[in-house]
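Here is a short briefing to read alongside the sequence and the 3D view. Keep both open as you go through the points.

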Number of protein chains: 2
Amino acid sequence: MELNEALRTRRSVRKFTNYVVTDSEIREILEAARVAQSWSNTQVWEFIVVRDSNLIRQITETYGPKNPATRGSLNASVLIVACAKTGTSGCYGGRDVTALSNWFMFDLGVTVQNLCLKVHDMGLGTVVVGYLDHEACSKIVGLPRDFTVVAVLPIGKPSGEGIRDMPRKALKDFVHLDKFGTPF
Amino acid sequence: MELNEALRTRRSVRKFTNYVVTDSEIREILEAARVAQSWSNTQVWEFIVVRDSNLIRQITETYGPKNPATRGSLNASVLIVACAKTGTSGCYGGRDVTALSNWFMFDLGVTVQNLCLKVHDMGLGTVVVGYLDHEACSKIVGLPRDFTVVAVLPIGKPSGEGIRDMPRKALKDFVHLDKFGTPF
């Protein structure tokens, strides 16, 4: 679809049909993530494609209490676990070079957004689950010590239930001219 | 353009023609950022549209040494400074609810990627400048204490010079099945 349509119509999807997402679809989705830009082209992302139903259950159990994505995640045919190498993006010699730490979080936002838009373009749906026990989840997928899980993305065909149009701020509420507080 | 084309052909652009980006174009660009998803729909982003040439110079002077975006930024007709409110995304009561701090960095990556894809779709170009003195830059644009500059995006019509096809890892180098290290 057109980029404009993709941006405008993407929604967070938490309920899926029993359609089984194919490996070929997953490759197409990850290809969109692959081409993303990143800090000095460091590409610190790693993606774990989780198909094993026991692992899917264990990962979903790391979600924060009452996470509305829990049920859909438990029944999903695949979870994509978005991970990052730490100490590289935004760093030289393992140390932050700016006042902002965790530049890998920014890079992961960029690549995950490519992925989300592509999922939507393919008639599939997903939601970014970030509220979880990252340490437990990192252990479950066997990450080495200098990597961390950032977010989990259950993928599936939207059942059509529970999709909400979330309100967004108007431009005037977050756009400024030259200095913070001056209307654009 | 088609989403696929936008994802595949977007490049970081650091040299611009002397075309002056219009306010109407800037609104269209920020509309793409506006519709992005975020942690609990917190929408912690703020965008400063910098037109004043004196401020453009001061902001560019906060870039890290030898930043390849410096010259293009100095001569740009507009910089968009992407900022975030801190202590809200990924937090309850001002405290992080996960082991990962700075969730605003992830949210800013998401909204900035919407913006970058839209800029490219419009035949314009930009680059994410993250290597800068964030504290100095935040002062220049007059941010209150609980906000921070995250990245600066000079926008313009690409001159065609200096655009590079950056190599990306192959899927097999960052995609795993079920556990880290198992090929997908």
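This is a predicted model: local features need pLDDT of at least 70, side-chain atom pairs count only at pLDDT 80 or more; totals for chains, interfaces and linings use all residues.

**Chain A as a whole**

- Chain A contains 6 helices and 7 strands, and read from the N terminus they follow the order α-α-β-α-α-β-β-β-α-β-α-β-β.
- Its radius of gyration is 18 Å, close to the 16 Å that the globule rule gives for 184 residues, so chain A is as compact as a globular protein of that length.
- The C-alpha trace of chain A spans about 50 × 40 × 35 Å along its principal axes.
- Of the 184 residues in chain A, 51% are buried.
- Among contacts in chain A with a separation of 6 or more, 76% are between residues 24 or more positions apart.

**A sheet built from both chains**

- Five strands make up an open sheet with mixed pairing, in the order 7(A)-1(B)-2(B)-6(B)-5(B).
- Strand 7 of chain A and strand 5 (125–126) of chain B stand at the edges with a single partner strand each, so one side of each has no neighbour in the sheet.

**A closer look at strand 1 of chain B**

- Is this strand buried or exposed? All 6 of the 6 residues in strand 1 (residues 45–50) of chain B are buried, so the strand is largely enclosed by the rest of the structure.
- In a regular strand, side chains alternate between the two faces of the sheet.
- In strand 1 of chain B, B:W45, B:F47 and B:V49 point one way, whereas B:E46, B:I48 and B:V50 point the other way.

**Helices against the sheet**

- Helix 2 (residues 23–34) of chain B lies across strand 7 of chain A and strands 1 and 2 of chain B, running at about 165 degrees to strand 1 of chain B.
- Helix 5 (residues 103–121) of chain B also packs on the sheet, where it touches strand 1, strand 2, strand 5 and strand 6 (147–156) of chain B. The direction of helix 5 makes about 10 degrees with that of strand 6 of chain B.

**Where the chains touch**

- In total, 70 residues of chain B are in contact with 70 residues of chain A.
- Several elements of chain B each supply at least two residues to this side, including helix 1 (3–9), helix 6 (134–140) and strand 7 (175–177).
- Helix 5 of chain B gives the most, with 13 residues.
- The chain B residues on this side divide into 38 nonpolar, 17 polar and 15 charged.

Note on methods: Residues are numbered from 1 along each chain as its sequence is written. Chains are lettered from A and ligands numbered from 1 in the order in which they are written. Helices (H or I, at least four residues) and strands (E, at least two) are DSSP runs, numbered from the N terminus. The radius of gyration is taken over C-alpha atoms; the globule rule is 2.2 Å times the number of residues to the power 0.38. A residue is buried if 20 or more other C-beta atoms lie within 10 Å of its own, exposed if 12 or fewer, and partly exposed in between; C-beta atoms are placed from the backbone. Two residues are in contact if their C-beta atoms, placed from the backbone, lie within 7 Å. Two strands pair if DSSP finds at least two bridges between them. Axes are lines fitted to C-alpha atoms, for helices over the stretch in contact, and angles run from 0 to 180 degrees between N-to-C directions. Ala, Val, Leu, Ile, Met, Phe, Trp, Tyr, Cys and Pro count as nonpolar, Asp, Glu, Lys and Arg as charged, and the others, Gly among them, as polar.
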